[in-house]
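The following account leads the reader through a protein structure, from individual contacts to the whole chain. Please keep the sequence and the model in view while reading.

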Amino acid sequence: MLRLPTLMSSITASCSLLFTVSLIGQAHADSMSSLIAQKSAQLTTTTSYRYPDLSRQAPTVLPAFLSGNYDNVDSEYLPLLSNAEIQSSPAAREVVSTARKMALNERTIIQGGCWDYLNAVFNRAGVTRNTIHKGTYGQGPYANSSEIEAGDWLYYINHGYNGVEHSGLFVGWVDERAKQALILSYAGENRREPARYRVYDLSNVYQIMRPSV
């Protein structure tokens, strides 16, 4: 049996050991907490993430001169027609505007075919025409899409109608890479129909006449 002094000494040693272990454990916990806090601060400063802004396109507001209901132009192409009339050069704007009035507002009928109709448009617009590209129907050379502007009078192969020759007024590209463009076209041939805005394949444009003042 242990004497009292010896027992007290043993208890004291055990308490000291427990206290030392407790201090080591607490120091380890404090060290881990500090490390976690440090890493969190580093992540906050180095990996700050911003969600990308959503692309929101403003709704297209058409001008008053295109506020009607038309059966000779698809409504989805009205913004393209509006841009052509607003953003073109003065001579081209006059041609596009005159053509729009004749086709949509007045529903003008001209005796003859596509050439006669566009000739009337240019005459009413009071502009002259400059030939800036000239080729032939069968051999070209055919124009690049970058050469064509709104208000241009084009001659091209009509791939949608037996590959015949045709002419029309260029409004704008629907899909430039695919050579798909909005064109004001007049059928004529005694159909008694106004000109129509339709999409044509402009892979083979062999003449470009541009309005000028």
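In this predicted model, Asp71 is found in the loop that runs between α1 (4–46) and α2 (78–87). Leaving aside residues up to four places away in sequence, Asp71 touches Arg107 and Arg196. With Arg107 the contact is polar: the two side chains are joined at 2.9 Å. Asp71 can also be placed relative to Tyr197, which is 126 residues away along the chain; the C-alpha atoms of Asp71 and Tyr197 are separated by 9.8 Å.

Is Asp152 buried or exposed? Its relative accessible area is 0%, and because buried means under 20%, Asp152 counts as buried. The side chain of Asp152 reaches the backbone nitrogen of Glu149 at a distance of 2.8 Å. Beyond residues up to four places away in sequence, the residues that Asp152 touches include Glu147, Gly168, Leu169 and Phe170. Ile208, Met209, Arg210 and Pro211 are also among the residues touched by Asp152.

The aromatic residues come next. A pair of aromatic rings is described by the distance of the centres and the angle of the planes. The structure holds eight such pairs. One of them, formed by Tyr137 and Tyr206, is edge-to-face, with 6.2 Å from centre to centre and 80° between the planes. Tyr137 lies in the loop between β1 (128–134) and β2 (153–158), whereas Tyr206 lies in strand β6 (residues 205–212), so this pair ties together parts that are 69 residues apart in sequence.

Which residues do ring pairs link into a cluster? The cluster consists of Trp115, Phe122, Tyr137, Trp153, Tyr155 and Tyr206.

Attention may now turn to the largest pocket, which holds about 470 Å³ of space. Its lining is made up of 22 residues, and those closest to the pocket centre are Asn158, His166, Ser185, Arg198 and Tyr200. Strands β3 (164–175), β4 (180–185) and β5 (196–201) each supply at least two residues of this lining. The element that gives the most is β5, with five residues. By residue class, the lining of the largest pocket divides into eight nonpolar, seven polar and seven charged residues.

Finally, the chain may be considered as a whole. How many helices and strands does the secondary structure of the protein hold? It comes to four helices and six strands. Read from the N terminus on, the elements follow the order α-α-α-α-β-β-β-β-β-β. Of the 213 residues of the protein, 37% count as buried. Among contacts between residues at least 6 apart in sequence, 59% join residues at least 24 apart.

Notes:
Residues are numbered from 1 along each chain as its sequence is written. This is a predicted model: local features need pLDDT of at least 70, side-chain atom pairs count only at pLDDT 80 or more; totals for chains, interfaces and linings use all residues. Side-chain values use heavy atoms; hydrogens and water are left out. Contact means heavy atoms within 4.5 Å. A polar contact is a pair of N or O atoms within 3.5 Å; within protein, one must be able to donate a hydrogen and the other to accept it, and residues adjacent in sequence count only if both atoms are side-chain atoms. Rings of Phe, Tyr and Trp (its six-membered ring) pair if their centres lie within 6.5 Å; planes under 30 degrees apart count as stacked, over 60 as edge-to-face and the rest as tilted. On a 1 Å grid over the protein atoms alone, a cavity is a set of points where a 1.4 Å probe fits but cannot get out, and a pocket is an open set with protein on both sides within 12 Å along at least five of seven lines; lining residues have an atom within 4 Å of a point. Grid points are joined across faces, edges and corners, and a volume is the space filled by probe spheres set on the points. Ala, Val, Leu, Ile, Met, Phe, Trp, Tyr, Cys and Pro count as nonpolar, Asp, Glu, Lys and Arg as charged, and the others, Gly among them, as polar. Buried means under 20% relative accessible area, exposed over 50%, partly exposed in between (1.4 Å probe, protein chains only).
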